[in-house]
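Start with a pair of helices and go on to the aromatic rings.

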Amino acid sequence: FLSVERFILNQGEVTSRAMRLEDLARKMGVPAATLKRTVERYNGFVESGSDADFQRFGKAAPPRILQVPKMVSQPSLIRVPPFYAVRGYPLSRKSMGGLAIDLECRVINDEGKPVQGLFAVGEVAGFGGINGSAGLEGTFLGPSMFQGRLVGRKIAADQPPISPQTVPTRRRKPGQAACADCHPLAQLVGSPRPGFYHFERAHAIVVERSLSCQVCHAEMAPFEPGDHKIDRAAQIDTCAVCHLSTTRSQ
(Lines give C-alpha, C1' and ligand atoms only; values in the text may rest on other atoms or scores of the structure.)
Protein backbone atom coordinates (compact mmCIF):
# COMPACT_ATOMS: atom_id res chain seq x y z
CA PHE A 1 0.00 0.00 0.00
CA LEU A 2 2.87 2.39 0.70
CA SER A 3 4.03 2.10 -2.91
CA VAL A 4 0.50 2.73 -4.20
CA GLU A 5 0.18 5.76 -1.93
CA ARG A 6 3.55 7.16 -2.98
CA PHE A 7 3.47 6.58 -6.72
CA ILE A 8 -0.27 6.87 -7.44
CA LEU A 9 -2.46 8.40 -4.72
CA ASN A 10 -0.07 11.23 -3.85
CA GLN A 11 0.85 12.09 -7.42
CA GLY A 12 -1.12 15.20 -8.25
CA GLU A 13 -0.07 15.08 -11.89
CA VAL A 14 -1.98 11.85 -12.47
CA THR A 15 -4.42 11.55 -9.54
CA SER A 16 -7.23 13.85 -8.43
CA ARG A 17 -8.12 13.86 -4.71
CA ALA A 18 -11.09 15.33 -2.84
CA MET A 19 -13.03 14.88 0.38
CA ARG A 20 -16.38 15.13 -1.38
CA LEU A 21 -17.59 13.47 -4.56
CA GLU A 22 -18.89 16.81 -5.84
CA ASP A 23 -15.41 18.32 -5.60
CA LEU A 24 -13.85 15.26 -7.20
CA ALA A 25 -16.29 15.50 -10.11
CA ARG A 26 -15.27 19.13 -10.67
CA LYS A 27 -11.58 18.14 -10.81
CA MET A 28 -12.42 15.32 -13.20
CA GLY A 29 -14.51 17.57 -15.43
CA VAL A 30 -17.65 15.41 -15.19
CA PRO A 31 -21.18 16.16 -13.93
CA ALA A 32 -21.31 15.82 -10.15
CA ALA A 33 -24.80 14.28 -10.16
CA THR A 34 -23.74 11.59 -12.63
CA LEU A 35 -20.67 10.67 -10.59
CA LYS A 36 -22.72 10.42 -7.39
CA ARG A 37 -25.32 8.18 -9.08
CA THR A 38 -22.56 5.96 -10.48
CA VAL A 39 -20.93 5.55 -7.07
CA GLU A 40 -24.28 4.86 -5.40
CA ARG A 41 -25.13 2.23 -8.01
CA TYR A 42 -21.72 0.57 -7.53
CA ASN A 43 -22.16 0.56 -3.73
CA GLY A 44 -25.56 -1.09 -4.22
CA PHE A 45 -23.93 -3.88 -6.21
CA VAL A 46 -21.32 -4.37 -3.49
CA GLU A 47 -24.02 -4.63 -0.81
CA SER A 48 -26.05 -7.09 -2.89
CA GLY A 49 -22.93 -9.14 -3.67
CA SER A 50 -23.29 -9.08 -7.46
CA ASP A 51 -22.13 -6.70 -10.19
CA ALA A 52 -25.09 -6.43 -12.58
CA ASP A 53 -23.30 -4.05 -14.99
CA PHE A 54 -19.91 -5.62 -15.68
CA GLN A 55 -20.05 -8.99 -13.85
CA ARG A 56 -16.75 -8.28 -12.08
CA PHE A 57 -17.88 -10.07 -8.91
CA GLY A 58 -20.75 -12.19 -7.67
CA LYS A 59 -22.47 -15.22 -9.16
CA ALA A 60 -22.69 -13.59 -12.59
CA ALA A 61 -18.90 -13.32 -12.88
CA PRO A 62 -17.26 -15.43 -15.65
CA PRO A 63 -16.17 -18.95 -14.61
CA ARG A 64 -12.49 -18.11 -15.17
CA ILE A 65 -12.77 -15.47 -12.42
CA LEU A 66 -14.73 -17.66 -10.03
CA GLN A 67 -12.07 -20.37 -10.34
CA VAL A 68 -9.35 -18.06 -8.99
CA PRO A 69 -9.96 -17.35 -5.27
CA LYS A 70 -7.90 -14.14 -5.16
CA MET A 71 -10.04 -12.66 -7.95
CA VAL A 72 -13.40 -13.12 -6.18
CA SER A 73 -12.70 -11.24 -2.94
CA GLN A 74 -15.53 -8.88 -1.99
CA PRO A 75 -14.86 -5.31 -3.21
CA SER A 76 -15.06 -2.36 -0.82
CA LEU A 77 -17.74 0.31 -0.60
CA ILE A 78 -16.86 3.80 -1.82
CA ARG A 79 -18.09 5.91 1.11
CA VAL A 80 -15.16 6.96 3.28
CA PRO A 81 -13.18 10.00 2.06
CA PRO A 82 -10.76 10.96 0.67
CA PHE A 83 -11.92 9.98 -2.81
CA TYR A 84 -9.52 9.53 -5.72
CA ALA A 85 -9.79 9.57 -9.49
CA VAL A 86 -7.14 8.46 -11.97
CA ARG A 87 -7.39 8.93 -15.74
CA GLY A 88 -7.13 5.61 -17.58
CA TYR A 89 -5.72 5.02 -21.05
CA PRO A 90 -6.13 2.02 -23.39
CA LEU A 91 -2.98 -0.04 -23.81
CA SER A 92 -2.13 -2.93 -26.12
CA ARG A 93 0.17 -5.10 -24.02
CA LYS A 94 0.82 -8.22 -26.07
CA SER A 95 -0.67 -10.57 -28.63
CA MET A 96 -0.45 -14.36 -28.59
CA GLY A 97 -1.32 -14.51 -32.28
CA GLY A 98 0.41 -12.92 -35.20
CA LEU A 99 1.94 -13.31 -38.64
CA ALA A 100 2.46 -16.80 -40.05
CA ILE A 101 6.15 -17.66 -40.50
CA ASP A 102 8.21 -20.63 -41.62
CA LEU A 103 11.17 -22.23 -39.79
CA GLU A 104 13.43 -19.44 -41.04
CA CYS A 105 11.05 -16.79 -39.68
CA ARG A 106 10.05 -15.66 -43.17
CA VAL A 107 6.52 -14.26 -43.27
CA ILE A 108 4.12 -16.52 -45.17
CA ASN A 109 1.47 -15.09 -47.50
CA ASP A 110 -2.04 -16.41 -48.12
CA GLU A 111 -0.66 -18.91 -50.63
CA GLY A 112 1.73 -20.39 -48.09
CA LYS A 113 4.80 -18.89 -49.77
CA PRO A 114 7.44 -16.70 -48.07
CA VAL A 115 7.26 -12.96 -48.75
CA GLN A 116 10.58 -11.87 -50.24
CA GLY A 117 12.68 -9.92 -47.74
CA LEU A 118 10.04 -9.90 -44.97
CA PHE A 119 10.78 -11.55 -41.61
CA ALA A 120 8.93 -11.59 -38.29
CA VAL A 121 10.17 -12.45 -34.81
CA GLY A 122 8.89 -12.08 -31.27
CA GLU A 123 5.32 -11.26 -30.33
CA VAL A 124 4.28 -10.27 -33.85
CA ALA A 125 4.92 -13.86 -34.92
CA GLY A 126 2.92 -15.37 -32.07
CA PHE A 127 5.84 -17.70 -31.24
CA GLY A 128 4.11 -20.64 -32.89
CA GLY A 129 2.94 -22.10 -29.58
CA ILE A 130 6.33 -21.80 -27.82
CA ASN A 131 4.65 -20.23 -24.78
CA GLY A 132 1.82 -22.72 -24.57
CA SER A 133 -1.43 -21.32 -23.21
CA ALA A 134 0.12 -18.41 -21.30
CA GLY A 135 2.57 -15.63 -22.11
CA LEU A 136 3.84 -14.45 -18.75
CA GLU A 137 6.40 -11.74 -18.11
CA GLY A 138 9.83 -12.70 -19.39
CA THR A 139 8.69 -15.70 -21.41
CA PHE A 140 8.83 -13.64 -24.62
CA LEU A 141 12.52 -12.75 -24.28
CA GLY A 142 14.10 -16.13 -25.02
CA PRO A 143 12.05 -16.90 -28.14
CA SER A 144 12.58 -13.35 -29.43
CA MET A 145 16.37 -13.68 -29.22
CA PHE A 146 16.30 -17.18 -30.68
CA GLN A 147 14.16 -16.14 -33.62
CA GLY A 148 16.29 -13.04 -34.13
CA ARG A 149 19.35 -15.26 -34.38
CA LEU A 150 17.64 -17.44 -37.00
CA VAL A 151 16.80 -14.36 -39.05
CA GLY A 152 20.35 -13.04 -38.73
CA ARG A 153 21.76 -16.33 -39.99
CA LYS A 154 19.32 -16.38 -42.91
CA ILE A 155 20.07 -12.82 -43.96
CA ALA A 156 23.84 -13.33 -43.62
CA ALA A 157 23.70 -16.51 -45.70
CA ASP A 158 21.85 -14.69 -48.47
CA GLN A 159 24.37 -11.83 -48.69
CA PRO A 160 27.33 -11.97 -51.10
CA PRO A 161 30.65 -12.23 -49.28
CA ILE A 162 32.54 -8.98 -48.67
CA SER A 163 36.08 -9.02 -49.93
CA PRO A 164 38.55 -7.88 -47.25
CA GLN A 165 40.08 -4.52 -48.07
CA THR A 166 43.62 -3.59 -47.28
CA VAL A 167 43.84 0.15 -46.94
CA PRO A 168 47.33 1.58 -46.56
CA THR A 169 47.91 4.22 -43.94
CA ARG A 170 48.31 7.48 -45.77
CA ARG A 171 49.35 10.88 -44.52
CA ARG A 172 47.84 14.17 -45.53
CA LYS A 173 49.82 16.17 -48.01
CA PRO A 174 51.61 19.28 -46.71
CA GLY A 175 49.43 22.35 -46.72
CA GLN A 176 46.10 20.50 -46.39
CA ALA A 177 43.79 21.30 -43.46
CA ALA A 178 44.08 19.10 -40.38
CA CYS A 179 41.09 16.98 -39.33
CA ALA A 180 40.55 19.14 -36.25
CA ASP A 181 39.80 22.15 -38.43
CA CYS A 182 36.46 20.59 -39.37
CA HIS A 183 36.02 17.98 -36.62
CA PRO A 184 36.62 19.41 -33.10
CA LEU A 185 36.69 16.05 -31.29
CA ALA A 186 37.17 17.45 -27.79
CA GLN A 187 34.06 19.60 -28.23
CA LEU A 188 32.01 16.78 -29.75
CA VAL A 189 33.00 14.31 -27.05
CA GLY A 190 32.23 16.84 -24.33
CA SER A 191 28.64 17.36 -25.51
CA PRO A 192 26.78 14.02 -25.08
CA ARG A 193 24.02 13.36 -27.60
CA PRO A 194 21.38 10.61 -27.64
CA GLY A 195 22.48 7.73 -29.85
CA PHE A 196 26.16 8.76 -29.94
CA TYR A 197 27.45 6.74 -26.97
CA HIS A 198 29.86 4.59 -29.00
CA PHE A 199 31.09 7.58 -31.01
CA GLU A 200 31.75 9.58 -27.86
CA ARG A 201 33.38 6.69 -25.99
CA ALA A 202 35.67 5.75 -28.88
CA HIS A 203 36.71 9.31 -29.70
CA ALA A 204 37.30 10.12 -26.04
CA ILE A 205 40.07 7.50 -26.22
CA VAL A 206 41.42 9.17 -29.35
CA VAL A 207 41.58 12.52 -27.56
CA GLU A 208 43.03 10.97 -24.40
CA ARG A 209 45.81 9.14 -26.28
CA SER A 210 46.35 11.89 -28.88
CA LEU A 211 45.89 9.35 -31.65
CA SER A 212 46.01 10.33 -35.29
CA CYS A 213 42.70 10.17 -37.14
CA GLN A 214 44.39 7.92 -39.70
CA VAL A 215 44.62 5.14 -37.09
CA CYS A 216 40.98 4.36 -37.82
CA HIS A 217 40.28 6.45 -40.93
CA ALA A 218 43.22 5.72 -43.22
CA GLU A 219 40.91 5.47 -46.20
CA MET A 220 40.04 9.17 -45.86
CA ALA A 221 43.59 10.45 -46.35
CA PRO A 222 44.80 12.39 -48.20
CA PHE A 223 41.85 14.80 -48.18
CA GLU A 224 40.00 14.90 -51.49
CA PRO A 225 37.00 17.26 -51.79
CA GLY A 226 33.91 15.43 -53.02
CA ASP A 227 35.30 12.03 -52.04
CA HIS A 228 35.71 12.48 -48.31
CA LYS A 229 33.54 9.84 -46.64
CA ILE A 230 33.93 6.88 -44.30
CA ASP A 231 34.45 3.46 -45.89
CA ARG A 232 32.57 1.10 -43.55
CA ALA A 233 34.12 -2.06 -45.01
CA ALA A 234 37.62 -0.65 -44.57
CA GLN A 235 36.84 0.17 -40.94
CA ILE A 236 36.07 -3.39 -39.91
CA ASP A 237 39.56 -4.01 -38.51
CA THR A 238 39.64 -0.76 -36.50
CA CYS A 239 37.56 -2.28 -33.68
CA ALA A 240 40.80 -3.86 -32.46
CA VAL A 241 42.19 -0.43 -31.61
CA CYS A 242 40.02 -0.27 -28.49
CA HIS A 243 38.72 -3.78 -27.95
CA LEU A 244 41.93 -5.77 -28.35
CA SER A 245 44.33 -3.12 -27.07
CA THR A 246 46.57 -3.56 -30.07
CA THR A 247 49.26 -1.03 -30.93
CA ARG A 248 48.90 0.69 -34.27
CA SER A 249 50.99 3.35 -35.88
CA GLN A 250 50.11 6.92 -35.10
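**Helix packing and aromatic pairs**

Helix α2 (residues 21-28) packs against helix α3 (residues 32-48) at an angle of about 120°, and their axes are 8 Å apart. Helices here are DSSP runs (H or I, at least four residues), numbered from the N terminus; axes are lines fitted to C-alpha atoms over the stretch in contact, with angles from 0 to 180 degrees between N-to-C directions. The model is predicted: local features need pLDDT of at least 70 and side-chain atom pairs count only at pLDDT 80 or more, while totals for chains, interfaces and linings use all residues. Residues are numbered from 1 along each chain as its sequence is written, and side-chain values use heavy atoms, leaving out hydrogens and water.

α2 and α3 are therefore oblique to each other (angles under 35 degrees count as roughly parallel, over 145 as roughly antiparallel, 65 to 115 as roughly perpendicular and the rest as oblique). In contact terms (heavy atoms within 4.5 Å), Leu21, Glu22, Leu24, Ala25 and Met28 of α2 meet Ala32, Leu35, Lys36 and Val39 of α3.

The whole structure holds 2 aromatic pairs (ring centres of Phe, Tyr and Trp, its six-membered ring, within 6.5 Å; planes under 30 degrees apart are stacked, over 60 edge-to-face and the rest tilted). Tyr42 and Phe57 pair edge-to-face, 6.5 Å centre to centre with 90° between the planes. Tyr42 lies in helix α3 and Phe57 in the loop between α3 and α4 (63-66), so the pair ties together parts 15 residues apart in sequence. Phe196 and Phe199 also form an edge-to-face pair, at 6.0 Å and 90°.

How values were computed
Helix = DSSP H or I, 4+ residues; strand = E, 2+ residues; numbered from the N terminus.
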